[in-house]
Amino acid sequence: MKKAGFILFCAISLNVSAQRISNYAEATFGGAKYQGTLALSYIHLWKLGANQKLGIGIGGRFTSYLAANQYYITAPAQLTSESSSPLIIFKDNITSNIDTFLVKSPQLNCLNLSINIDYQVSKKITAGFNIDALGFSFGGSRSGNYINGPSGKMTNAVPTTFNLLLVSDNDRGSLNSEFYTRYSLNELWAVKLGAQFLFTEYTTSTKVQQLPEQNDRFRNKSLLVCLGISYKLK
């Protein structure tokens with residue numbers, strides 16, 4: 001009798017655990033003027049709360065970015081606002097410290113660990129947010145025009161290799177994030193519509209910026225409309 005009770009308890013526990021986990025595969029396309037992205041994601045969510053409407057989890061995301069004539073600006077926080085504090089988000093940029101790197105045809109790829117949060121608003125509709133946290137970028141070398149006031153020079157650059165989420169300009173590398181609404185077509189398939197906020201970053205072959213200190217990292221911040229499709233794996 002005790003053995004049967006133990007087996008029943010284990011079966012119920014496994015069933016509850018299964019209900020509290022959701023796995024998704026997603027493909028998302030983003031677009032803005034002269035810019036486009038393709039993102040492929042795997043998402044693992046733990047469903048929390050009495051009704052299991054809140055989902056919190058992790059995932060992996062591959063993002064490929066292609067654009068034309070994009071302006072990349074000085075990236076390090078100690079230059080853009082002369083601060084690396086977590087409160088940097090409330091500080092204004094110091095424009096005299098910021099130089100520009102114009103890339104005619106940027107193209108890079110990043111593979112990152114992501115943080116994912118969503119909430120089931122109704123049976124069909126879910127609202128969510130995700131953001132890349134850690135990973136790496138790769139892509140070919142690109143030539144660009146470094147601009148400092150009226151002067152400039154051509155130089156080469158490659159995607160900054162290491163990506164890390166910190167706070168605002170303290171971030172490093174290329175990081176993707178989304179706010180979205182997902183609509184379920186059936187138990188497995190859903191479509192989503194949202195806004196994608198993407199940091200991409202290049203490192204020049206030499207420290208072309210000299211003042212107020214030497215720098216070789218330049219960042220572009222892109223806001224894109226995104227549309228995607230989602231498949232529930234579990």
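1. The largest pocket has a lining of 21 residues, and those nearest its centre are Y24, Q120, K123, S184 and K232. Strand 1, strand 6, strand 11, strand 12 and strand 13 each give two or more residues to this lining, and strand 6 provides the largest share, with 3 residues. The pocket holds about 510 Å³ of space. By class, its lining comprises 5 nonpolar, 8 polar and 8 charged residues. In this classification Ala, Val, Leu, Ile, Met, Phe, Trp, Tyr, Cys and Pro are nonpolar, Asp, Glu, Lys and Arg are charged, and the others, Gly among them, are polar. A pocket is found on a 1 Å grid over the protein atoms alone, as an open set of points with protein on both sides within 12 Å along at least five of seven lines; a cavity is a set of points where a 1.4 Å probe fits but cannot get out, and lining residues have an atom within 4 Å of a point. Grid points are joined across faces, edges and corners, and a volume is the space filled by probe spheres set on the points.

2. The model is predicted, with local features requiring pLDDT of at least 70 and side-chain atom pairs counting only at pLDDT 80 or more, while totals for chains, interfaces and linings use all residues. Residues are numbered from 1 along each chain as its sequence is written, and side-chain values use heavy atoms, with hydrogens and water left out.

3. The overall architecture is as follows. The protein chain contains 2 helices and 13 strands; these are DSSP runs numbered from the N terminus, helices being H or I of at least four residues and strands E of at least two. Its C-alpha atoms fill a box of roughly 85 × 35 × 30 Å along the principal axes. Of its 234 residues, 43% count as buried, where buried means under 20% relative accessible area, exposed over 50%, and partly exposed in between (1.4 Å probe, protein chains only). Among contacts with a separation of 6 or more, 67% link residues 24 or more positions apart; a contact means heavy atoms within 4.5 Å.

4. The search of the whole structure finds 1 cavity of 30 Å³ or more. Strand 1 (21-32), strand 2 (35-48) and strand 6 (107-120) each contribute at least two residues to the lining.

5. Why does E178 count as buried? The reason is that its relative accessibility is 2%. The side chain of E178 makes a polar contact of 2.7 Å with that of K192, and another of 3.4 Å with the side chain of Q196. A polar contact is a pair of N or O atoms within 3.5 Å; within protein, one must be able to donate a hydrogen and the other to accept it, and residues adjacent in sequence count only if both atoms are side-chain atoms. Beyond four places in sequence, the contacts of E178 include T28, R61, N130 and C226.

6. The largest nonpolar core has 13 residues, and Y65, Y72, F101, Y146, Y202 and F218 have the most contacts inside it. At least two core residues come from each of strand 3 (54-67), strand 5 (100-103), strand 12 (189-204) and strand 13 (217-232). Such a core is a set of buried Ala, Val, Leu, Ile, Met, Phe, Trp, Tyr and Cys residues joined through side-chain atoms within 4.5 Å. Leaving aside neighbours within four places in sequence, Y72 contacts, among others, Y65, F101, Y202 and F218.

7. Most residues other than glycine have a negative phi, and most peptide bonds are trans. Q52, in the loop between strand 2 and strand 3, has a positive phi of about 55 degrees although it is not a glycine. N69, also not a glycine, has a positive phi of about 50 degrees and is found in the loop between strand 3 and strand 4 (70-74). With a relative accessible area of 48%, N69 is partly exposed; it touches L102, V103, K104 and P106, not counting residues up to four places away in sequence. The peptide bond from L211 to P212 is cis, with omega near 0 degrees, and P212 is found in the loop between strand 12 and strand 13.
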